[in-house]
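Please have the viewer open as you read along.

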Amino acid sequence: MILGIETSCDETAVALYNGNSRLIMSERIASQVETHAPFGGVVPEIASREHLLALPKLANEVMQEAGLAWSELRAIAVTAGPGLMGALLVGVSFARAAAAVHKTPVLPIHHLEAHLLAPILSDSHANITISANILPYITLLVSGGHTLLIRVAGLGQYSIIGQTVDDAAGECFDKSARLLGLPYPGGPAIAALAAAGDAQRFKLPRPMMRNPTDINFSFSGLKTAVLYQVRKLEKQKEKQSTWQADMAASLQLAVAEVLVAKSLRACKQHNIKHLTLAGGVAANVYLRQHMTNQAKDLGVSVAYPDLKYCTDNAAMIALTAYLHLQNGYKNVGDWDANPRWKLGASNTI
Ligand code: KG4
Ligand code: ZN
């Protein structure tokens, strides 16, 4: 039994993972979205305070629901980075205090490694996603802070083969949503509005697509293109909801086309037949459909996390600790919360 704790950004999450059944026994997640929404983004100081208020209560609820004593835990797993320093410290301090009292090991988990392993949570043959028969594979990790193509050679063996040179894909959704007067976080708001829109109406750029071998991304120009279009449209007399939906759909199409094209280009370049998606933007249903369809033509299989395990959660944190313990994890010695912890070849826990 492993207790996972996640407080790196604006979700306080706790989950209990049973390594024998490979199931989540109980989990809680307290979203701070409504608290931050009036500010149009996450306010770090407020995030830390909210974590502090929510975490002890959620952790006790999870333990009680599973009928488990703290002393029965094999380990406590906590996100140690990357993320907001103050927010990370709440989770790390809580984990260390609980571990000291109950004499339990604490494992510092890399938030991005946990995201990229999240598809395993939905895998009925647990572990298949990291098992030898599909290795190496490529993960497209798309969240509010990251857009990465990662070559996964095994547990803890990650090489970044492509990344954004400016904004992340989620950031592009969030910033564009703000321009359209939509609430934070922008991704789900844009996806909802796009359903009623005409994706062909606005010609938005497909950044960095021209060089046929490039597998890096750029999204800041896309947001700027939305800004110019919005300024023009606001001067016209058309009812706002109509062009807004068309803009949301056009943006969603542009982002999805680039993400799909570059991911499949990476698979071709590296001669890889398996792809997984992870991170908040992987919850975008249009992106998932588009990716699955295009990948099929190339003979590439695609695996996704459940929708609820795309965005920040603690189940992926507990799972990551479990996989490392199975893999012969040894104590890492001194460590601390690290807001800029880099994901690289074998540098995880
Ligand atoms: O992984 P995550 O919860 O937090 C980070 O570690 O960043 O990702 C949050 C990001 C936000 O930018 C949000 O707008 C985006 O994921 N997102 C989506 C959707 N759901 C969340 N973007 C597009 N479509 C969605 N359905
Ligand atoms: Zn995340």
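A residue counts as near a molecule when one of its heavy atoms lies within 4 Å of it. By that rule, 20 residues surround ligand 1, the closest being Gly-144, Asp-174, Gly-187, Asn-284 and Asp-312. Bear in mind that this is a predicted model, where local features need pLDDT of at least 70, side-chain atom pairs count only at pLDDT 80 or more, and totals for chains, interfaces and linings use all residues. Residues are numbered from 1 along each chain as its sequence is written, chains are lettered from A and ligands numbered from 1 in the order in which they are written, and side-chain values use heavy atoms, with hydrogens and water left out.

**The ligand site**

- Three helices, α4 (111-117), α5 (169-179) and α6 (186-194), each supply at least two residues of the shell around ligand 1; helices here are DSSP runs of H or I with at least four residues, strands are runs of E with at least two, and both are numbered from the N terminus.
- The shell residues divide into six nonpolar, 12 polar and two charged, where Ala, Val, Leu, Ile, Met, Phe, Trp, Tyr, Cys and Pro count as nonpolar, Asp, Glu, Lys and Arg as charged, and the others, Gly among them, as polar.

**Polar contacts of ligand 1** (pairs of N or O atoms within 3.5 Å)

- An oxygen atom of the ligand lies 3.1 Å from a polar backbone atom of Asp-312.
- For Gly-170, a polar backbone atom is 3.2 Å from a ligand oxygen.
- Ser-143 takes part through an N or O atom of its side chain, 3.5 Å from an oxygen of ligand 1.
- Taken alone, ligand 1 exposes 550 Å², and the protein buries 87% of that (Shrake-Rupley areas with a 1.4 Å probe).

**Overall build**

- The protein has 10 helices and 10 strands.
- Its radius of gyration, taken over C-alpha atoms, is 20 Å, close to the 20 Å that the globule rule gives for 349 residues, so the protein is as compact as a globular protein of that length; the rule is 2.2 Å times the number of residues to the power 0.38.

**Backbone details**

- Leu-135 and Pro-136 are joined by a cis peptide bond with omega near -10°, and Pro-136 lies in the loop between α4 and β6 (137-142).
- Between Tyr-184 and Pro-185 the peptide bond is also cis, with omega about -5°; Pro-185 belongs to the loop between α5 and α6.
- Arg-22, a residue other than glycine, has a positive phi near 60° and sits in the loop between β2 (11-18) and β3 (23-31).

Note on methods
A polar contact is a pair of N or O atoms within 3.5 Å; within protein, one must be able to donate a hydrogen and the other to accept it, and residues adjacent in sequence count only if both atoms are side-chain atoms.
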